[in-house]
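Please look through the structure below with this briefing at hand.

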Amino acid sequence: MRLCFDNDVQGLVISMESLAQLEALCERLYNSQDSAERAHAENALKCFSVNTDYISQCQYILDNASTPYSLMLASSSLLKQVTDHSLSLHLRLDIRNYLINYLATRGPLPQFVNASLIQLLCRVTKFGWFDDDRFREVVKEATDFLSQASKEHYEIGLKILNQLVSEMNQPNSGLPSTNHRRVACSFRDQSLFQIFQISLTSLSQLKNDVTSRLQELALSLSLKCLSFDFVGTSIDESSEEFGTIQVLIPFHSNIPSSWRPVLEDPSTLQIFFDYYAITTSPRSKEALECLVRLASVRRSLFTNDAARSKFLAHLMTGTKEILQTGRGLLERKFCNYVGLADHDNYHEYCRLLGRFRVNYQLSELVNVEGYSDWIQLVAEFTLKSLQSWQWASSSVYYLLGLWSRLVTSVPYLKGEAPSLLDEFVPKITEGFITSRFNSVQDGFTDDEDPLDNVELLQDQLDCFPYLCRFQYQSSSFYIINTMEPILQSYTERARLQTADNNELAVIEAKLSWIVHIIAAILKIKQSTGCSVESQEVLDAELSARVLQLINVTDSGLHSQRYGELSKQRLDRAILTFFQHFRKSYVGDQAVHSSKLYARLSELLGLSDHLLLLNVIVSKIATNLKCYTESEEVIDHTLSLFLELASGYMTGKLLLKLDAIKFIVANHTREHFPFLEEYRSSRSRTTFYYTIGWLIFMEDSPVKFKSSMEPLLHVFLRLETTPDSMFRTDAVKYALIGLMRDLRGIAMATNSRRTYGLVFDWLYPAHMPLLLKGISHWTDTPEVTTPLLKFMAEFVLNKAQRLTFDSSSPNGILLFREVSKLIVAYGTRILSLPNVADIYGYKYKGIWVCLTILSRALAGNYVNFGVFELYGDRALSDALDIALKMTLSIPLADILAFRKIRTRHFFHKLKYFANLDDNVDQPDALFELLYLAILTRAYFAFVEVLCSSHIVFVLNLDTNTFMHIVGSLESGLKGLDTNISSQCASAVDNLAAYYFNNITIGEAPTSPAAINLARHIADCPNLFPEILKTLFEIVLFEDCGNQWSLSRPMLSLTIISEQIFSDLKAQILASQPVDQHQRLALCFDKLMADVTRSLDSKNRDKFTQNLTVFRHEFRVK
């Protein structure tokens, strides 16, 4: 490639003289400590990455520059050019060929320059994969590097293949997701297996090579091939999560069946076992990672059961040999196993053993030769791991998971081969408990106590109970014998006036572990070798010890320790015990004839549900009274309280208890001091949600009004506060608390009757306070957010609770209040200047307003035609201000959700969306969360507009209309199916309106139809581009909402036959020529028996045809 070099660079022609100046700028750009100097250099050199005219100068720099930073500038600039601009095919091929020649002939380059050049080569290759066959020859050319005599060329070849696999596996900003997936699938089918074979060949050739860098690259290449996203998603949605710091790995690897011969070849597994043995970390860790993925191969990939058994035997032999290579104590704090003293190796090895749990049955394992030696070594390794609790805590989950799977498989074990589990499982059970006590005795800082790590604790305790129930009688006796002396010691200290805090903290930590273990045991019912009656008696024995402990925890000296973390951990463990006990033995799912109550009656006098429930409620009341500063204990207590109240049977039982009657009548801060703590204000919503459940269980308006007296006093105090005093802290905190309380009460209304009680109590007497609050505190999100969220809950028509009498104007009156509130907030918030934290300051309030309006518009309890009929501007004002608020947000922020794998992400929103604005959160997560919630609120609002108020949308000016419709097209491309479906529904409504009023109608006469015709005339590519996007999603992506997408596809297709014909031609042109005839037939079948109408029968026929069309189109 020889191009002219006469373009200016900041006014200078690149020559040998100006090149020296450029190199000096590059030196400053990458090395200067002065930020102003770096900024100046960056601005001066920016032209190379943004202007395509400078591509030839980048080549000149690569050819002539002498400093690595100049080379880095040229390479990174070309990478940005290739990614961000649509370069001509000829130019991209020239760049590709130039890079291959450059890497082959230039000689040694700094690692970072090499890496950048190789990334550029792979990026060009990916972007041009379907444009020219020469781009797909990159694997052959990388192989040519491997065949060279020099190690430098060999290294470059391996680096190219490594980067190529990585590049193909990850989406790029400059390539639409549909195109990325097409390229990735094609690469997977055409080249990936060949690259994996090259990696195996390289590993064999390099086995005796002392150049560790080449071994590392070959191992990395194998791992990247085995970790490739075979099913076409960046994160496997069905993956098994192995705890907090573990990598996600599917239950079964989706390696294609064409790889079968290589995977069944024993040398494939062996090469990785060999590399583990001859290398050190990180290479040995990568060898184990490869084995983890190979161990995940699904059953159907093997030729037959014999081949699979051979593969399993090889895995067991290899893992056994690792455990047999002990040469003395390698590291004082851990193990006797070579290589496993490295924590990364140890962690990966535990994951490898964990794969036996998922992929193989006990019946398969016991029939493998050498099983007895293998299971003994694994048991010894597990015990050693448990003893090394501090070092191995994050990895023990895999080992416990393996043993739990083994013991649960015992009932299904056939044949005479012994499992030997009777010998090892009790030792592991005792070893786990001992290790937890050792961890307590050795001590932790308050920041690292495993009792505070909820996810890790749950991971371990989810598996451990199965081991306990395997030989339940001996395990329960061991737990009781362990607990009783500790409980006795704790009881004795309750009678003392003073005690050693450190000593008490150790005792409480040990009791916390035992209570957590007992709670976990009660959570499951599966047991082997023990009758149901015997299990219940043993459950009673264990539960009695915890109930005895509860009598002690809040007495004597212990009643003064609510501020101690160890006491809080113990109370959280007790709450967990109650939660699991309740599910098995109290209330809706309880076994009424349970032997447990007979035994508890003998031990403690607790003979039935009600007595036990009274114990639980007493503990709940004590926690709510005594804990004022521990949010964790308060939240956990309220969670248990809500579980009890929301259960049908347990809720009825609660109403019989005096303690509950007292709580319902006296829910004030005098009796429950946590209500006064601002840090616990979020807990108030849960508290009043539970209170609401209990109030509404009885059909008593009198009881409702008497129960609302404490809130009424707050209302009256705030309503009588003059405007001049309304901006004080006292008003602020009272208003925040009141709004959170009201939201909880509103959440508890699930019927027309209960909602009517709250509505009549609030409207019209107290609604003006909401408007006053929003008007005075607009600039304070701590106040406006709970106020707006209450209104969002109040207007939500869940379970058809907002059903008013036919003669009632309440629906209209409620919407008028909504309109006043939104207009008041919107006009004021838009007038305020932006601040650094715009997400919390403005966006959160805006998305709640959009949610309020969407729910009100879609609630089906307001006849909106009334407003226009009588000249009431409530609706138009609300829509106008809502539109202004959405337009005030950059579209990039609204579409930020596309950066997030939303299915794994949005489950966190249920928690974070309710956080107080004063709660500390990681800034990046905080920002993404708000943007993600904003995205959902925006698209829900637009969907409602297009379905119920489409005339409003059509009457917008063309620029605003195009802005909204453009955002819908972007939303279709997102990864979240809910948002995609909402966008599809909105597009369908627009297209259907066009079809019904313009395509098949006479000349449009209504203003809305005329406006839509004008919008489309101004942008004729609007509908064709959206239809193209929809076809690409259906054909080239694994969409989970095909039915929803099919609706707008039909509407857009029948608007104009020419649009469909042009799109068909475009799609066919992008496919191989030899497939054109087959694919054209697919398109013909798509429209078979589909008429030009939008009736439901025709829509269903098109959807059926689309399913067949998609399947036949994607067939190779």
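For "domain: Importin N-terminal", an unreviewed entry in UniProt lists residues 41–105, with positions given in the numbering used here, a shortened feature name and the caution that annotations may be inferred rather than shown by experiment. In this span the end C-alpha atoms lie 30 Å apart, and 82% of it is helix and 0% strand, where helices (H or I, at least four residues) and strands (E, at least two) are DSSP runs, numbered from the N terminus. The model is a predicted one, in which local features need pLDDT of at least 70 and side-chain atom pairs count only at pLDDT 80 or more, while totals for chains, interfaces and linings use all residues. Residues are numbered from 1 along each chain as its sequence is written, and side-chain values use heavy atoms, with hydrogens and water left out.

**Cysteines**
- The count of disulfides, each being a pair of cysteine sulfur atoms within 2.5 Å, comes to zero.
- Cysteine 47 is in no disulfide, and its nearest cysteine sulfur, in cysteine 58, is 8.6 Å away, which is too far for a bond.
- Cysteine 47 counts as buried at 11% relative accessibility, and cysteine 58 counts as buried at 0%; buried means under 20% relative accessible area, exposed over 50%, and partly exposed in between, with a 1.4 Å probe and protein chains only.

**Lysine 619**
- Lysine 619 is found in helix α28, which covers residues 609–626, and with a relative accessible area of 2% lysine 619 is buried.
- Leaving aside residues up to four places away in sequence, lysine 619 touches Ile550, Thr553, Asp554, Asp571 and Phe578, where a contact means heavy atoms within 4.5 Å.

**Helix α51**
- Helix α51 (residues 1022–1036) has 15 residues and reaches 21 Å from its first C-alpha to its last, close to the 21 Å expected at 1.5 Å a residue, the expected span being 1.5 Å times one less than the number of residues.
- Helix α51 is mostly covered, since 11 of its 15 residues are buried, including Leu1022, Phe1023, Ile1026 and Leu1027.

**The whole chain**
- The protein chain has 55 helices and two strands.
- Its C-alpha atoms fill a box of roughly 90 × 90 × 70 Å, taken along the principal axes.
- Buried residues make up 56% of the 1116 residues in the protein chain.
- Among the contacts in the protein chain with a separation of 6 or more, 77% are between residues 24 or more positions apart.
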